[in-house]
Amino acid sequence: MRLLLHSLFLLLLPVIVAWFGISLAGAIALVILGLLWRWAISLSFLVAPVKIPELELETISASHFVEKVRWCMDRLGLDYAEKPTGATLGAFFLGRTVPLLKFRTGAVNSRIGNSPEILRYLWGRYSAAMPEQAKFLQPTPERLDLERKIDRCGVDLQVWVYSHILDDRQLTLHAWGISNPAIPAWQRLTLYLSFPLLRVLIRKSFRITPAHFTKARDHIQALLTDVESKLVDGRGSILGGDTINYTDITFCAIMGLWLQPAGYGGGKADSVRIDPHKRPMEMTRDIEAWSQACPLATGFIEKLYTSERR
């Protein structure tokens, strides 16, 4: 609130100067006042810091990258607060993406974005304090390489989803959380009113074209086929052995976006789940084709969700 009021003052400053015909000296005085105000705010954060939970995860309910981090935090047994936001508003209007982990150490509030960086932070923070629980987060060159491949496919899935649903206003708004009461009402209203603009921005930023859609779908199929070939020998983890690690969770969370297994989101994404009967037919055909072509991979996802997220 402190920064919000200051930001509003800065935005209205030119209007105030023009409206009241303030002289140059008066305008300079107002600028100095604004600078002093901002300095006072900085001091106030040190003297009376904003009370936030020790761990707070800023999310979009349906996001597969969020689900990746959320699942790992749940598996660690961490006590954290989740703060759902209205879909693309943060990215396009604030330059901020999710997942975003905010954490407090003493009087200092910090934040980390991007799912791989958040998982590295969790490993670094908890591997010594609770080594057995955090063992699944241990990064190795092989795991890091697989994680990068899966995350790239996660972007392809965004292209795939939007290519299918973006022309359907109601379906897209539903997926963005317009019916989710956990998202502030003003954000849901903003999503509704700004949908035409947001749709244009998404088409441009994700390059939603038939050619890019085909390429994205092929990349998804290639990753599924690769994992399918690895699971033929009956292993319990994609990279071998039977012990689950964070790359297995990453794969299941990212691919969970299209498969939508029971338990996706750990109960946090139920309000944005798309009814199969309302999906575009082409989208359903892709889902059925992947499920039939890669039964081991899809079975692996469903099994892990059943054992850990339900």
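**Entry 1: a pocket**

I began with the second largest pocket, which has a volume of about 200 Å³. I kept in mind throughout that this is a predicted model. Which residues line this pocket? I listed Leu 231, Gly 234, Arg 235, Gly 236 and Ile 244, together with Leu 296, Gly 299, Phe 300, Lys 303, Leu 304 and Ser 307. I then asked which helix gives the largest share of the lining. That turned out to be helix H14, residues 295–308, with 6 residues.

**Entry 2: helix H12**

Next I checked the length of helix H12, which covers residues 246–259. At 1.5 Å a residue, its 14 residues should span 20 Å. I found its end C-alpha atoms 19 Å apart, which agrees with that expectation. Is H12 largely enclosed or open? I counted 14 of its 14 residues as buried, so H12 is largely enclosed by the rest of the structure. Buried here means under 20% relative accessible area.

I turned to the strands and traced an open sheet of 4, in the order S2-S1-S3-S4, with mixed pairing. At its edges I noted S2 (81–84) and S4 (108–113), each of which pairs on one side only. On average, neighbouring strands of this sheet are turned by 20° against each other, direction ignored.

What packs on this sheet? I found helix H3 (residues 64–76) there, touching S1 (55–59), S2 and S3. The direction of H3 makes about 155° with that of S1.

I also looked at how S3 (residues 100–105) meets S4: the two run antiparallel and are joined by 6 bridges. As a reminder to myself, strands of a sheet pair through backbone hydrogen bonds, either parallel or antiparallel.

**Entry 3: Trp 176**

My last stop was Trp 176, in helix H8 (residues 169–176). Buried or exposed? Trp 176 has a relative accessible area of 5%, and the cut-off for buried is under 20%, so I put Trp 176 down as buried.

What does Trp 176 touch, leaving aside residues up to four places away in sequence? I wrote down Gly 86, Ala 87, Thr 88, Tyr 162 and Ile 183, then Leu 191, Phe 195, Leu 198 and Ile 202. I also compared the C-alpha atoms of Trp 176 and Ala 62: these residues are 114 residues apart along the chain, yet the two atoms are separated by 7.4 Å.

How values were computed:
Residues numbered from 1 in each chain as written. Predicted model: local features only at pLDDT ≥ 70, side-chain atom pairs only at ≥ 80, totals over all residues. Heavy atoms only, no water. Expected span 1.5 Å × (residues − 1). Buried < 20%, exposed > 50% of the residue type's maximum accessible area, 1.4 Å probe, protein only. Pairing = 2+ DSSP bridges. Axes fitted to C-alpha atoms, helices over the stretch in contact; angles between N-to-C directions. Contact = heavy atoms within 4.5 Å. 1 Å grid on protein atoms, 1.4 Å probe; cavity = no way out; pocket = protein on both sides within 12 Å on 5 of 7 lines; lining within 4 Å. Points joined across faces, edges and corners; volume = space filled by probe spheres on them.
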